[in-house]
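Subject: Handover of a structure for your review

Dear colleague,

Please find the sequence and the structure below. My notes on what was found follow directly after.

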Amino acid sequence: MSNGFFNELNEKKISRRKFIKWSGAVSAPVVLGGIATTGNMVKKAGAELAAKKADELVLTTCSTVNCGGRCLIKAHINNGVVTRLTTDTKADTFELPQLRACIRGRGYRQFVYNPDRLKYPMKRVGKRGEGKFERISWEEAIDYIAKELTRITEKYGPASRYSNYASGHSGSIIGAGNMIQRLFGLTGGYLGFHNSYSSAQTTNATPFTYGTTQTGSTLDNLSHSKMIILWGHNPVETRFGVTDFYVRKAKENGVKIVVIDPRQSDTAVALADEWIPIAPTTDAAMMDAMTHVIITENLYDKSFVDQYCVGFDENHMPDGVPEGESLKSYILGEKDGVPKTPEWAEKITRVPASTIRRLAREYATNKPSALMQGWGPQRQAYGEQFVRGGTVLAAITGNVGVKGGWASGAGYISLVKTTAVPKGDNPVGLTIPCFLWTDAIVRGTEMDAKDGVKGLAEEQDTLPVNMKAMFNLAGNTLINQHSDCNKTAEILSDESLLELIVVSEIFMTPSAKFADILLPSNTFMERWDVGTTWAPSQQAILSQKCIENMYESKSDYEWMTMLAKKLGVEQKFTEGRDELAWIKWSIEESRKTDPNFPTFEEFKKEGIYQVSLEGNSVVAFEQQIKDPKNNKFETPSGKIEIFSKALWDMNDHEEIPAIPKYISSWEGPEDPLTEKYPLQLIGWHYKRRCHSTFDNNKWLEEAGPQVMWMNERDAATRNIKDGDRVKIFNDRGEVHMPVKMTNRVIPGTIAIPQGAWWSPDKDGVDQRGNVNTLTSQRPSPLAKGNPQHTNLVEVARV
Amino acid sequence: MAQLGFYINNDYCTGCKACVVACKDKNDNEVGVNFRRVYEHSEGDYVERDHAVIQNIQTFFTSISCNHCENPKCVEGCPTGAMYKREEDGVVLVDHDKCVGCKYCVWNCPYGAPQYNEVLGKMTKCDFCIDLISAGENPACVGSCPMRAIEYGPIEELRAKYGNVSDIKGLPNSSITKPNLVITAHRNAK
Amino acid sequence: MHEWSLLIFTLCMQAAIGGTVMLLIFYKKLSKLDPEQQFHVMKLPLVVIAGLSLIGLAASFTHLGSPENALNTIRHLGSSWMSREILVTGMFIAVACGAAGLAFIQKKVNVWLLAAGAVIGLFDIYCMGAIYYNTLVSGWNSINTYTSFYGTAFVLGPILIVSLLVPFLKAKNEELAQAFVKNAFYIALGGIAIQLIGVAIFGITAPEVNQIAGVNVMDALEGYQTTVAIRWMIEIIGIFFIGYLSIAMNKKIPIYFAYGALAVLIFAEGMSRYVFYVMGA
């Protein structure tokens, strides 16, 4: 047949396909004069759009949900509707790589145009948590909030007001959490929080070694390493910036990559030369054993330890500490009689002693090497020990401050600094660890410094008042992402405890169901912001408003401005600026410290400010190592503190040791509770969700269904088959969900991807698969952080 | 123009499915319709010795769309002639004016490329984003891969650059349809 | 399994074709009767065969996503077995309906049309088998596909015709009726034998998996062993009914026995076909 014939067919096909595409794009509800329509507008819009392809507007934006990637998104807009998304297409180089969107970024249209979006403000009519609401106007909602807030403040004082930790649609420089605190600050103050649910333990523990959390180097370093150990680090799914890209580049350079993880993560599959499965909560035991090998085989960097570290052996100890407390003494078992040998660790970690020995030798003798810690293993009962154990391994092998090495620990680094709208002062001046907010509701007036309360005045032992007014904005930590959903629900349902719960949300999430007043939030595509990635970060992206607010939704700043007016502080709150004006202000502020930061107009044109690693490569602590006389570590001793006197002085040597130690964990593999609940449970970050965000995105559910991973051996002994719906339970709750039988998880451990929306049936059994139905509210000792990978459970067929 | 084909660097495929969803976004495909798909292949077991576990778990991912085959069995079996391979670049397309929606091509394709659209009552599939290519852009999947593991181009060029492999573990034998596909196999897929 | 349309289509067509073949075989013996009587006896089977083929046609349409394009399906005879099958099926339906219609107009049965229907029909079953045999679905690319389809025709066809003919014939010519039941019984046994040969070949050949998400047929059928076993038990009961009828007819066994056998065998063949389509699901 002739070409002409085929061409004709092809043309026909394309025109048809185009129509299909656009009609599909607008078949999501579209706001027309404030009313959502899906029906007759579709065809009209489809026809118009087809004709207007040439007028397509392409705007760069960046999701400011709490995603590690914060990639570059280009929204293709036709007649005010986003019809397609593309991502970074600039030249792709090692120093300036493309910031390609991952699966989540590619699915944003199903987020923005999801028909389930909250459409108008609502007020609770049923019992709290029941999810029964009636529609109200914005004015009614703001009136109610202002009235209740004033009443509660007058009755209990400003310290009873709290804005919950929320990372969902938190924004970046004009985020909901920050802005409500600014408003609280202007009206008497509030109870603040410190820490995060992501990295509480590493941000608290890392500084005891290095004096700072800024222990990350730029990722080009990885290509100079001889070996990379990704310990509980799964950047492929968590999206730490473009870490996966740079690990790939390192692999191409012949760098050996080892992943240590209870799961054979996607990172392990694609990037690792070796995957070492380990029992959850036992990482510190393996680290101790590696240290044992390195010490006993004389593989440590003697001059480095001598010159830069405190506490390695008895000759390098601070004053005022009794004998036998150094790292070496502990590792060799001089005091407790237990040498921390690989054989000792094998029993605990399930990692063969020979593997531990080999890895220790490889790491210590192939210098430089990078031991990168993920944040997962620090979210365990004694996660602080994992964090400090990693830093100590890096230190004694002399992998700190050298190109190709890695200091381990928190790993923060940012080449681009943005300026957030200031929170202003908090006259109350108190903060709690964010994980302990439920405690502050029930027993706030008993909470003291031992509970991690900060800012207590000298004559003040505890919080002055229990928490009474809760603002849970742009996040799902009110129940879903907090530990122990059943316990949390019980606390929230008691209307005598919290007297006001305000929630702003995009969807009817589990948290939204507990609102007294529920406000419909817009999405990042409907507001202005500037996005930056998780560490290590080398860029800022202008998150542009692409479309008008859908339905009656507003940005958090928009409704808070209404509330500020009602409370009589509008001028102080806004300083006369709307959202866009604040963005412009922020950009100008950033330009004051970084002259290369683009102007607003430049930013709008390019969409992104990305710093090339060429000439900007950073090695953490390089100066401290090169020129120690003039560059001290920011620790009390000015050195790397393997032994921390500050920790020693806390005088809780069992749970807060001064050197990193393996502490056998409650609900770990050695807990007698294993007789009742023999399986360990972890909840990993799933590629298809950003925490709980996108759980209701149907494209992403198809790509990554909510399933529990279980080893074939564990399944066989319980007569469970792949795809079966099973019950997972412990004393805190019960979950029913399908099982994926896979050997990609170590025997004895099951894994539920965290973030599924808690969906209790009438008996309180979660039917969706929220891991937090089973997690504990018991905090870690030092950071008071969340231990959510520390759980014992049993599994059975439903 | 020469026959087009895909190159998949299977060794670096993380199974993230960005390509799958980028493709859905571009084509507005509902749940159940996936012009590109990612398959997980996992085998192996553990040796348990006292407390220790030694793993021998071999996993890899494969991203596959339509391979616009040399001998497309979908075209051969199609009763209407709706499924056709166009001459200029060998892209296999569906003419919806002819398609009767019998789904026979689903049973004939080794790679799962034909994807039935219930709403249209027609078969749909990867069209290589020929509209984007003609506008100077990459196909949606190619530009989406965070690992840069998908490329496209004239198949002879891809073969010259990356070799002739289109048979890896888990994939149907390439002799069936002669796919225009080049793969760098994951170490576990060889 | 969601191929109910195709299940109904193949069963109806194969029963109709088997029925046509049986009518042709019985035609000679029936020509002992006078033409009007012959027409009288044969009109119901002719109508039922035409009806079955039309039901099959309707079912096949419900399988299509865009039935308005149905005429396109015969445009690719050069390489598509489906095109060929659709054309041949169309011809068979035309002949079956033509034979029935003409018989009513002429009040007599046209044997040439009957013969044409049988030949076209038998070739049609081959085309039907070839459709599945030539796919990549594990288990379908086996001789079993052909034997299963022909077997269905030779089990359902005879029993169908017997249960339609005999009630009318019995009053007129008991001996002939008895002979028909016997013939039908032997042919149905033959149909089952063909199917068993196919099953044996199926069992000894190692199935291939040629589709990326395909399942080995042995795995696909795991969990259907009970279905298969029950199917064979039912099938044997049905055949036993007919066998009993063939030797015991003069003992005033009610003719409803034949209807019972038909119902049981349709059910058995339906189960067999259900399992067949499980492979492709």
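Helices (H or I, at least four residues) and strands (E, at least two) are taken as DSSP runs and numbered from the N terminus. On that basis chain C reads α-α-α-α-α-α-α-α-α along its sequence, that is, nine helices and zero strands. The radius of gyration of chain C is 19 Å, close to the 19 Å that the globule rule gives for 281 residues, so chain C is as compact as a globular protein of that length. Here the radius of gyration is taken over C-alpha atoms, and the globule rule is 2.2 Å times the number of residues to the power 0.38. Along the principal axes, the C-alpha atoms of chain C fill a box of roughly 60 × 40 × 25 Å.

This is a predicted model, in which local features need pLDDT of at least 70 and side-chain atom pairs count only at pLDDT 80 or more, while totals for chains, interfaces and linings use all residues. Residues are numbered from 1 along each chain as its sequence is written, chains are lettered from A and ligands numbered from 1 in the order in which they are written, and side-chain values use heavy atoms, with hydrogens and water left out.

Confidence in chain A

pLDDT is the predictor's confidence in each residue, from 0 to 100. Chain A has a mean pLDDT of 92, and 93% of its residues reach 70 or more. Over residues 1-52 of chain A, however, pLDDT stays under 50, and the model has 74 contacts beyond four places in sequence for this stretch; a contact means heavy atoms within 4.5 Å. Where pLDDT is low, the predicted coordinates should not be read in detail.

Chain B

Chain B has six helices and 11 strands. Its radius of gyration is 18 Å, close to the 16 Å that the globule rule gives for 190 residues, so chain B is as compact as a globular protein of that length. The box filled by the C-alpha atoms of chain B, taken along the principal axes, is roughly 65 × 35 × 30 Å.

The interface of chains A and B

Two pairs of chains touch, and the most contacts are between chains A and B. The contact takes 66 residues from chain A and 65 residues from chain B. Together these chains bury about 5,700 Å², 48% of it on carbon and sulfur atoms; buried area is the accessible area (1.4 Å probe) that two parts lose on being put together, summed over both. Arg100(A), Arg248(A) and Trp699(A) supply 11% of the area that chain A buries against chain B, more than any other three residues.

Across this interface the rule finds 12 salt bridges, a salt bridge being a side-chain nitrogen of Lys or Arg within 4 Å of a carboxyl oxygen of Asp or Glu. In one of these, the side chains of Lys698(A) and Glu30(B) meet at 3.0 Å, N to O. There are also 32 residue pairs in polar contact across the interface of chain A and chain B (both at pLDDT 80 or more). A polar contact is a pair of N or O atoms within 3.5 Å; within protein, one must be able to donate a hydrogen and the other to accept it, and residues adjacent in sequence count only if both atoms are side-chain atoms.

Several elements of chain A each supply at least two residues of the side that touches chain B, among them α1 (3-25), α9 (243-252) and α25 (698-703). α1(A) gives the most, with 15 residues. By class, this side of chain A has 29 nonpolar, 12 polar and 25 charged residues, where Ala, Val, Leu, Ile, Met, Phe, Trp, Tyr, Cys and Pro count as nonpolar, Asp, Glu, Lys and Arg as charged, and the others, Gly among them, as polar.

The interface of chains B and C

Chain B gives 34 residues to its contact with chain C, and chain C gives 32 residues. About 2,300 Å² is buried between them, of which carbon and sulfur atoms give 57%. No contact joins chain A and chain C, whose closest C-alpha atoms lie 13 Å apart.

Local features of chain A

The peptide bond from Lys367(A) to Pro368(A) is cis, with omega near 0°.

Yours sincerely
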